[in-house]
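Here is a brief report on a predicted model.

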Amino acid sequence: MSEAADTSTQPKATHNSPRTWLLTAALSPLAVRLIRQLLSHGDCVVACLPPHEIEHDERSAEFRDLINECKSVRKDREGWKDRIRGIRCDGRMSSCGAAVAEAVHVFGRIDILLCCRSEAVVATVEELSTTPVTQNLVRDQFEALFFSQVNFIKATLPVLKRQHTGHIMILTSTGGHIGTPGMSMYTAATWALEGFCDSLAYEIAPFNIKVTIVQPNKEVQSLTNRLTFAPQISAYVDIFNNAPSIRDMLINVLNTDPETAVPDPPDVAESEATPSTPDSMSLEPEPGRGEIFHRYPRLPPGAADKLVTETVHALTAIGGHENPPSRHIVGLDGAIAVKEKLKTVTEEMEDFVDASLAVDIFDSELKEEARVGKRRESSPIAEPSTG
């Protein structure tokens, strides 16, 4: 196909016709299974490969198996090798621009951009403040989840605008609604990307470009991508008496496999004073125990399939849809959790509606309606209708 192919003259891809997908990170178990579904459907796939992951033998093993499968002579794999292109891309703007240009050169257009890169830094806010090295983990988290995906979006927009059609899908997690103690920077980067896309959706709607945020449970992303653990501060050990912390839960998963098991941190003397105790007057953060370490979780056979199946189905069902949702929560548990969070937000807003209305300098019917609604809720007997 000519490099100078005019994307504006290409026929519009409908939801059920073959489409061209660009995946910003294609080495996770979820991405590999999604690609297999897309190729089976007849779609074309541009698979971006973060260098630090494609060079990791175990991380890239499933993708390499998929490529060998595409090259096989199996009848049900016929044509697969012609509809997939793997491109090394580190997420910098120049690298993203080159990947987009190659995608258009090879397949003529981009119908769906799927921003699906994910890495999680596991640490409390204070644990990320102990040393310059742990402070850099904050930047690393935003580079992986936010800046790299924004670069892909910016690089793709000119193509989608010329086509006057396209769909940008953002795979995040329910962390976009609900904060998680111990994953503060992961949550912050997720909210940043979602806020960016909420504004972006309005800006590009006149060009017939859609934006959808897809939110599976946090486990879907955290258990299928790289985890980075900062050294733990003793003050945060066992502070959640009624439930295990996210650090403990993830380490328990890693410890089920000898290859990913986590070494025990060094003991800290019980008499050692910390900033959380009255004996300490230091303003410096308490030093963490142990070293920074990275792990890719290993899931038991079949567990990865079960974990990501719902999300893969959601992506294939929504991707390229003529009227896609702006947000889609995957799974019953995630939907219930988000509903409870939104219910809490609504109840708190209603509890303090007088404080909210107190700053208004103009009276309005809406203001009076809000006050009447609050009085009705607080009264044991509802006021009779006057209508």
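## Sheet and cores

Seven strands make up an open sheet with parallel pairing, in the order β3-β2-β1-β4-β6-β7-β10. Its edge strands are β3 (84–88) and β10 (327–329), and each of them pairs on one side only. On average, neighbouring strands of this sheet are turned by 15 degrees against each other, direction ignored. Strands of a sheet pair through backbone hydrogen bonds. Strands β1 (residues 20–23) and β4 (residues 112–115) run parallel and are joined by three bridges. L23 has L114 in β4 as its bridge partner.

The model also holds nonpolar cores. The largest has 55 residues. Helix α5 (residues 132–163) gives the largest share of this core, twelve residues. A second core is separate and has 33 residues.

| Core | Size | Residues named |
|---|---|---|
| Largest nonpolar core | 55 residues | L22, I153, I168, I170 and F229, those with the most contacts inside it |
| Second, separate core | 33 residues | including L27, L49, F63 and W80 |

F229 belongs to the largest core. Leaving aside neighbours within four places in sequence, F229 is in contact with V122, R247, L250, I251, L254, E291, I292 and F293.

Now the helix residue. L200 sits in helix α6 (residues 184–204). Is L200 buried or exposed? L200 counts as buried because its relative accessibility is 5%, and the cut-off for buried is under 20%. Beyond its neighbours within four places in sequence, L200 is in contact with I153, L157, I168 and V211. Two of these contacts, I153 and I168, are among the residues with the most contacts inside the largest core. K210 lies ten residues from L200 in sequence and 9.6 Å away in space, C-alpha to C-alpha.

Key. Residues are numbered from 1 along each chain as its sequence is written. This is a predicted model: local features need pLDDT of at least 70, side-chain atom pairs count only at pLDDT 80 or more; totals for chains, interfaces and linings use all residues. Side-chain values use heavy atoms; hydrogens and water are left out. Helices (H or I, at least four residues) and strands (E, at least two) are DSSP runs, numbered from the N terminus. Buried means under 20% relative accessible area, exposed over 50%, partly exposed in between (1.4 Å probe, protein chains only). Contact means heavy atoms within 4.5 Å. A nonpolar core is a set of buried Ala, Val, Leu, Ile, Met, Phe, Trp, Tyr and Cys residues joined through side-chain atoms within 4.5 Å. Two strands pair if DSSP finds at least two bridges between them. Axes are lines fitted to C-alpha atoms, for helices over the stretch in contact, and angles run from 0 to 180 degrees between N-to-C directions.
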